[in-house]
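Visitor: Please show me the model. I would like to go through it step by step.

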Amino acid sequence: MHLDEVSGKKRKHHKTGFGTFVYDDPAAGIHIDTSNITTLTIMSGHVHFTGTDKVGKHHKVSFTVDLFVTNTGSGDTFSITISDGYSASGPLTSGDVSIHN
């Protein structure tokens with residue numbers, strides 16, 4: 001499973017946003033590219049966040065993401081559930097996760 005980008009740095013010009021999230025699943029026709037991250041929880045080895053994005057011009061969806069990270073960099077897993085019924089999970093094979101205070 002490929003994760004394009006997660007950036008957890010809170011943007012100063014966004015009062016409620018926690019960063020950006022980019023995810024693609026071309027086989028399923030899913031593309032999320034949003035800065036509307038509404039919740040972010042970081043625990044030891046686990047990142048959980050929720051957010052919203054528009055699909056097309058008028059269809060708004062919400063999503064939930066869980067990322068389990070190992071210290072070794074291998075064995076990381078990722079799952080996403082979208083309010084339109086889509087879900088995917090599996091080992092993270094490529095991508096970038098960046099969390100800044």
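Guide: A polar contact is a pair of N or O atoms within 3.5 Å; within protein, one must be able to donate a hydrogen and the other to accept it, and residues adjacent in sequence count only if both atoms are side-chain atoms. This is a predicted model, where local features need pLDDT of at least 70, side-chain atom pairs count only at pLDDT 80 or more, and totals for chains, interfaces and linings use all residues. Residues are numbered from 1 along each chain as its sequence is written, and side-chain values use heavy atoms, with hydrogens and water left out.

Visitor: Which backbone nitrogen lies 2.9 Å from a polar atom of the side chain of Thr-34?

Guide: Thr-34 sits in strand β3, residues 30-34. Strands are DSSP runs of E, at least two residues long, numbered from the N terminus. The 2.9 Å separation from the Thr-34 side chain is to the backbone nitrogen of Asn-36.

Visitor: Is Thr-34 buried or exposed?

Guide: Buried means under 20% relative accessible area, exposed over 50%, partly exposed in between, with a 1.4 Å probe and protein chains only. Contact means heavy atoms within 4.5 Å. Not counting residues up to four places away in sequence, Thr-34 touches Gly-19, Thr-20, Phe-21, Thr-52, Asp-53 and Phe-63. Its relative accessibility is 3%, so Thr-34 counts as buried.

Visitor: In what order do the five strands form the open sheet?

Guide: Two strands pair if DSSP finds at least two bridges between them. The pairing in this sheet is antiparallel, and the order is β4-β5-β6-β7-β8.

Visitor: Which are the edge strands?

Guide: An edge strand here pairs on one side only. That applies to β4 (37-43) and β8 (87-91).

Visitor: Over how many bridges do β5 and β6 pair?

Guide: β5 spans residues 46-55 and β6 spans residues 59-68. Val-47 in β5 stands opposite Leu-67 in β6. Asp-53 stands opposite Val-61 in β6. The antiparallel pairing of β5 and β6 runs over ten bridges.

Visitor: How many of the ten residues of β5 are buried?

Guide: Take Val-47 as one case: at 8% relative accessibility, it counts as buried. β5 is mostly covered. The count of buried residues in β5 is seven.

Visitor: Which residue in the turn between β4 and β5 has a positive phi?

Guide: β4 and β5 pair in the antiparallel sense over six bridges, and Thr-39 has Thr-50 in β5 as its bridge partner. The two strands form a hairpin with two residues between them. The phi of about 75° belongs to Gly-45.

Visitor: What angle lies between the planes of Phe-21 and Tyr-23?

Guide: Rings of Phe, Tyr and Trp (its six-membered ring) pair if their centres lie within 6.5 Å; planes under 30 degrees apart count as stacked, over 60 as edge-to-face and the rest as tilted. By this rule there are six aromatic pairs. Phe-21 and Tyr-23 are stacked, 6.3 Å centre to centre, and the angle between their planes is 5°.

How values were computed: Helices (H or I, at least four residues) and strands (E, at least two) are DSSP runs, numbered from the N terminus.
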